[in-house]
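Open the model in your viewer and keep the selection tool at hand. Each stop says what to select and what is there.

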Amino acid sequence: MNVSDIDASIETKPTPSDLQRIFLRHLQYTIVKDKFTATQADLYLALAHAVREMLVDRWLDTQQSYYINNAKRVYYISMEFLIGRTLGNSLINLGIMEEWENALKEMGIDLKDLQETEWDAGLGNGGLGRLAACFLDSMATLSLPAYGYGIRYEYGMFYQKIVDGAQYEVPDNWLRYGNPWEFGRQEHLHKIRYHGRVQEYNDEQGEQRYEWVDTHDVMAMAYDVPVPGYGTSAVNTLRMWSAKSTRDFELSFFNQGNYIGAVESKMRTENISKVLYPADHVAEGKELRLRQEYFLSSATVQDIFYRFLKKHSDLSLLPEKVAIQLNDTHPTLAIPELMRILLDEKRMDWDSAWKMSVETFAYTNHTILPEALETWPVHLLEQILPRHLMIIYEINDHFLKNVATRFPGDTDKLRRMSIVGEEGAKHIRMAHLAIVGSHSINGVSALHSQILKDDLFRDFHDLWPERFNNKTNGITQRRWLKHANRWLADLISSKIGNSWITDLDELTRLRELADDRDFQQQWIEVKQANKRRLAEQILKLTAIPVSADSLFDCQTKRIHEYKRQILNVLHVITRYNRIKSSPGCVITPRTIIFSGKAAPSYYMAKLTIQLITAVGAVVNNDPAVNKLLKVVFIPNYNVSLAENIFPAADLSQQISTAGTEASGTGNMKYALNGALTIGTLDGANIEIMEEVGRDNIFIFGLDANQVANLKKSGYRAHDYYQANPELKQALDMIADGSFSPDNPGRFRPISDNLLANDTYLLLADYADYIACQQKVDQLYQQPGEWARTSILNTAAMGKFSSDRTIAEYARDIWNIHPEKIRRHSRRNLA
């Protein structure tokens with residue numbers, strides 16, 4: 001599939017007076033303000049409604065074209081869509097960013113200021129949600145008939161503050177002032193059922209049937225967000241579900257004269273879509289999480305059926321017209337939900353329904369950590385989703401009979417592969433259900449997919465090798481280069497043209513410029529400008545002054561032990577000690593930048609944040625060091641913050657233990673913006689190394705096989721501690737209160753855990769990591785060579801466009817094709 005083959009006819013661009021007219025019309029008639037009373041927020045809302053209007057005709061045309069063309073559609077279900085701000089992305093993809101900048105400038109309005117007014121949408125947390133957002137952008141750009149389905153979280157995950165060095169969570173009330181980019185669809189309401197009981201009966205043909213009755217019902221209401229493609233007329237849809245109480249449920253309380261009960265009941269019902277990832281370390285949070293996952297799965301499957309039945313009466317056509325992609329295990333309940341509808345409502349026989357279901361679903365796995373694989377207690381499913389538990393049991397029964405036939409007498413294999421886990425309390429293994437119920441199972445990097453086949457899901461691969469495949473993740477260059485780094489995008493386009501925006505392989509043409517001294521200098525100047533901008537933001541957010549002339553060394557991602565932020569901290573402490581012990585030494589000045597959220601109930605991750613800020617407080621306030629080393633933790637990491645960090649980064653830390661990171665996409669965003677990577681042979685780092693060349697990336701540490709062998713042979717972290725004086729000194733400083741004099745034992749759990757367990761082998765990789773950091777210093781002291789290597793990194797990023805990833809999904813898994821968008825509605829502008 002080639003983007004150039006897709007209908008890309010875009011209307012004549014509007015004039016400044018056209019844009020000013022539509023802007024003022026919305027300011028007056030939509031926002032009901034004039035230039036004398038309008039606030040910055042009012043001006044942003046007027047612009048958002050103006051741009052939204054420019055999308056609407058294309059959006060309606062797109063949906064109508066898919067219907068008329070009788071297109072097969074893909075439905076991408078994800079618990080997260082980390083879309084960030086919508087205004088800038090829409091202007092980029094509509095190709096009218098500069099036109100709006102000029103039109104507003106003539107009115108004395110700065111577009112950048114209005115963009116800063118928009119609140120990041122609280123619909124996701126980390127890489128899973130950002131990947132889904134990149135995929136939506138690519139699906140629209142490729143004119144693929146696609147829909148995203150998620151939950152409209154009212155409060156997102158949380159807004160992170162750093163108070164006295166520790167993470168403090170407050171509600172992320174991103175919808176406080178409304179969301180101009182969403183359209184409420186009150187006509188699209190679906191009933192979601194919980195609890196109740198299952199009764200058995202015989203239908204007219206004497207067939208045994210089941211009916212789920214006496215349920216507690218919740219309504220799912222749709223909110224649609226337009227997703228415009230770049231250089232095409234296609235505008236796809238992200239549909240988000242919001243929980244609403246049923247009228248019947250409320251009336252039962254009112255009729256009893258219990259107004260307070262009615263209000264409380266309504267609030268409990270609507271809690272389902274209040275917050276992303278409720279704390280599941282307590283029973284109430286775990287139950288709410290299960291309710292959320294079924295809420296998303298049921299509403300989406302019902303909606304897909306509604307759309308399918310508008311055009312087709314023959315249910316057997318479902319797999320020919322519908323592809324459903326499960327983004328990790330969270331929406332896996334969509335499988336038994338589809339079976340419930342086919343069996344109980346459409347009265348199909350089991351074999352026909354199951355064949356259709358498997359041909360419809362595909363599953364993407366995003367984790368190799370066994371403890372991260374989702375399971376649900378049987379007793380909870382029995383209480384909340386009794387019919388679905390029955391269906392899961394029957395799926396498992398049919399499946400295990402198949403396994404027993406293929407591998408007779410292998411009871412261990414039956415136990416390992418069963419969807420129902422018997423270890424401890426009986427539970428349902430959601431990854432197993434997703435695999436059994438899908439015709440395609442893919443990993444998200446070459447290493448990850450190989451581990452799935454060779455280790456984590458080896459039994460399933462032995463049974464169905466044809467179902468397993470790899471789809472290496474990607475990122476959208478529209479968001480992460482053209483929008484986030486306009487100075488670099490403009491420099492690149494001035495040399496090789498604009499075709500890279502839809503064909504990232506075009507960046508290979510930069511290789512011939514890598515040794516050009518003039519181009520290197522321009523490249524350096526762009527990086528310095530981005531670093532100055534980030535330095536200003538760091539000062540504003542943290543009150544810590546940093547020098548743009550220092551090396552910006554960045555690790556920005558979710559805080560987790562396997563991502564090894566602590567290894568980074570050990571390097572910081574080692575660096576600090578070296579500077580202190582050798583006054584006047586020649587060393588590359590560094591600003592080490594951390595950012596990321598820790599799950600509220602994850603003690604060790606939250607303690608890691610405290611350690612980072614505590615080390616930073618010591619380093620930054622030591623006059624003997626702070627000209628050569630600074631440590632900053634930027635709070636509340638989100639898409640908008642990332643859009644400023646990636647362009648400014650010199651070094652990208654991708655240092656997870658080999659064999660633990662499925663892919664990573666931050667590594668791709670950094671490299672696309674010219675940052676050099678220091679990393680392990682983990683996830684997509686391996687493929688980045690293959691593209692940029694081993695000489696243009698800093699690789700250290702054990703590989704996945706060496707990690708496995710070391711653990712098998714009996715890893716003793718304490719031996720590494722005793723053998724390396726610098727490592728011992730750094731760990732002792734963490735343990736003895738050097739960074740927490742008010743509470744000397746505060747960070748001892750970190751050092752104790754590393755010495756006793758060190759699950760992720762930080763101590764084993766430490767020496768090689770420190771040596772690799774010295775190579776970073778040496779190269780940075782040669783600005784021309786650093787710039788050359790940076791250019792070569794950007795030039796090699798063509799493979800990592802989400803356009804390539806989505807084209808592979810469309811061809812290999814979904815069997816869908818680009819659709820020509822026909823004009824059906826009248827237009828005023830754009």
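Select Thr-375 and look across to strand S14, where Arg-429 stands opposite. Strands and helices here are DSSP runs, numbered from the N terminus; a helix is H or I with at least four residues, a strand is E with at least two. The model is predicted: local features need pLDDT of at least 70, side-chain atom pairs count only at pLDDT 80 or more, and totals for chains, interfaces and linings use all residues. Residues are numbered from 1 along each chain as its sequence is written, and side-chain values use heavy atoms, with hydrogens and water left out.

**The sheet**

Now select residues 427–429, strand S14. Three bridges join S14 to S12, and the two run antiparallel. Two strands count as paired if DSSP finds at least two bridges between them. Strands of a sheet pair through backbone hydrogen bonds, either parallel or antiparallel.

**Salt bridges**

How many salt bridges does the structure hold? There are 50. A salt bridge puts a side-chain nitrogen of Lys or Arg within 4 Å of a carboxyl oxygen of Asp or Glu.

Select Arg-289 and Glu-293. Their closest N and O atoms are 3.4 Å apart, in a salt bridge. Both residues belong to helix H9 (residues 283–311), four residues apart, about one turn of the helix. Buried means under 20% relative accessible area, exposed over 50%, and partly exposed in between (1.4 Å probe, protein chains only).

Move to Lys-563 and Glu-661. This salt bridge has its closest N and O atoms 2.9 Å apart. Lys-563 sits in the loop between strand S17 (551–556) and helix H22 (565–581), and Glu-661 in the loop between strand S20 (651–654) and helix H25 (666–672), so the pair ties together parts 98 residues apart in sequence. Lys-563 is buried at 8% relative accessibility. Glu-661 is buried too, at 12%.

Next, select Arg-716 and Asp-719. Are they buried or exposed? Arg-716 is exposed, at 53% relative accessibility. Asp-719 is partly exposed, at 39%. The closest N and O atoms of their salt bridge are 3.0 Å apart.

Then pick five residues together: Arg-185, Asp-224, Arg-239, Asp-303 and Arg-307. A network of salt bridges links them.

**Asp-217**

Select Asp-217 in strand S8 (residues 216–228). Asp-217 is buried, with a relative accessible area of 16%. Its side chain makes a 2.7 Å polar contact with the side chain of Thr-215. A polar contact is a pair of N or O atoms within 3.5 Å; within protein, one must be able to donate a hydrogen and the other to accept it, and residues adjacent in sequence count only if both atoms are side-chain atoms. Beyond neighbours within four places in sequence, Asp-217 is in contact (heavy atoms within 4.5 Å) with Lys-191, Ile-192, Arg-193 and Thr-246.

**The cores**

A nonpolar core is a set of buried Ala, Val, Leu, Ile, Met, Phe, Trp, Tyr and Cys residues joined through side-chain atoms within 4.5 Å. Select Trp-100, Phe-295, Leu-510 and Trp-814: they have the most contacts inside the largest core, which has 209 residues. Helix H2 (residues 40–68) gives the most to this core, 12 residues. Apart from this core lies another, of 65 residues, including Met-604 and Phe-739.
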